[in-house]
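Here's a quick briefing to read with the structure open beside you. Take it one topic at a time and find each residue as you go.

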Amino acid sequence: MPSLAGRLAQEDGFAADLDLTEGLAPGEVLAGAELEGCRLTGAVLERAVLRDCTFTDCTFTGCDLSMAVLDGSRFTDCRFVECKALGVVWARAAPAPLSTRPWDLERCRLDLGSFRDAAAAGSRFVDCSMREVDLAGADLRRATFTGSDLAGATFAGTDLREADLVGACGYVVDPTENRVRGLRVDAVAAGGILRALGLVVEG
């Protein structure tokens with residue numbers, strides 16, 4: 001299968017407004033590449049290493065990034081749609097201070113991943129599976145989790161001020177261990193907060 005690294009080598013490491021389907025073999029390294037306005041569709045990047053790459057206004061659709069290493073790579077105004085990304089340590093990516101939202105993920109499988117201590121204020125997680133994701137210490141102010149499954153997710157020292165958990169399920173958030181002022185929840189899922197306080201929710 002053609003390699004994304006080989007394809008980008010033909011472009012001198014820079015690609016703009018391209019449709020890309022090439023992937024990377026497990027352990028294969030893509031270093032220092034710059035992609036702008038590219039559309040990656042169905043690319044298999046499982047266990048690949050994206051090191052010090054820059055992605056700007058790119059869309060990842062139906063890609064497999066499970067266990068991919070994002071060391072120092074920057075994602076600015078990128079979208080991930082229907083991607084599989086199990087066990088990814090998202091916090092290893094470089095901050096993207098100019099991004100409208102640090103992470104924009106829709107209908108993605110993010111189970112067993114980590115956003116621990118990540119600067120992710122304003123991120124968007126819509127209809128995602130986020131089971132057992134580590135969110136401890138993350139800055140998730142104004143983040144949206146509509147329709148996402150957060151069963152087993154870790155919230156500890158997490159900044160959830162003005163975040164939106166309406167429509168999310170499975171989460172347990174202890175307001176004494178997290179910053180929750182302005183956090184939006186719905187009546188059904190609010191039981192997760194009450195259970196964290198030791199209250200019994202009936203009915």
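Is Thr-100 buried or exposed? Thr-100 is exposed, because its relative accessible area is 65%, and the cut-offs are under 20% for buried, over 50% for exposed and partly exposed in between, using a 1.4 Å probe on protein chains only. Keep in mind that this is a predicted model, where local features need pLDDT of at least 70, side-chain atom pairs count only at pLDDT 80 or more, and totals for chains, interfaces and linings use all residues. Residues are numbered from 1 along each chain as its sequence is written, and side-chain values use heavy atoms, leaving out hydrogens and water.

- Look for an open sheet of 6 strands, ordered 2-5-8-10-11-12 with parallel pairing.
- Strand 2 (19–20) and strand 12 (124–126) sit at the edges with a single partner strand each, so one side of each has no neighbour in the sheet.
- Helices (H or I, at least four residues) and strands (E, at least two) are DSSP runs numbered from the N terminus, and two strands pair if DSSP finds at least two bridges between them.
- Strand 5 (residues 39–41) and strand 8 (residues 59–61) run parallel and are joined by 3 bridges.
- In that pair, Thr-41 stands opposite Thr-61 in strand 8.

**The core**
- The largest nonpolar core has 58 residues, and among those touching the most other members are Trp-90, Trp-103 and Leu-150.
- Such a core is a set of buried Ala, Val, Leu, Ile, Met, Phe, Trp, Tyr and Cys residues joined through side-chain atoms within 4.5 Å.
- In soluble globular proteins, nonpolar side chains tend to be buried together.
- Leaving out residues up to four places away in sequence, Leu-150 touches several residues, including Met-130, Phe-155 and Tyr-171; contact here means heavy atoms within 4.5 Å.

**Loop residues**
- Thr-100 belongs to the loop between strand 10 (79–81) and strand 11 (104–106), and its C-alpha atom is 14 Å from that of Phe-80, 20 residues away along the chain.
- Ser-148 and Arg-181 both lie in the loop between strand 12 and helix 2.
- Ser-148 is buried because its relative accessible area is 0%, and its contacts beyond four places in sequence include Phe-125, Asp-127 and Gly-167.
- Arg-181 counts as exposed because its relative accessibility is 73%, and beyond four places in sequence Arg-181 is in contact with Arg-161 and Glu-162.
- Val-44, in the loop between strand 5 and strand 6 (49–51), is partly exposed at 38%.
- Beyond four places in sequence, Val-44 is in contact with Gly-23, Leu-24 and Asp-64.

**Positive phi angles**
- Asp-12, in the loop between helix 1 (4–9) and strand 1 (14–16), has a phi near 60°, a positive value in a residue other than glycine.
- Glu-132 also has a positive phi near 60°, and Glu-132 counts as exposed at 53% relative accessibility.

**The largest pocket**
- How much space lies in the largest pocket? About 250 Å³.
- Of the 14 residues lining the largest pocket, those nearest its centre are Ala-94, Pro-95, Ala-96, Pro-102 and Ala-119.
- A pocket is an open set of points on a 1 Å grid over the protein atoms alone, where a 1.4 Å probe fits, with protein on both sides within 12 Å along at least five of seven lines; lining residues have an atom within 4 Å of a point.

Notes: Grid points are joined across faces, edges and corners, and a volume is the space filled by probe spheres set on the points.
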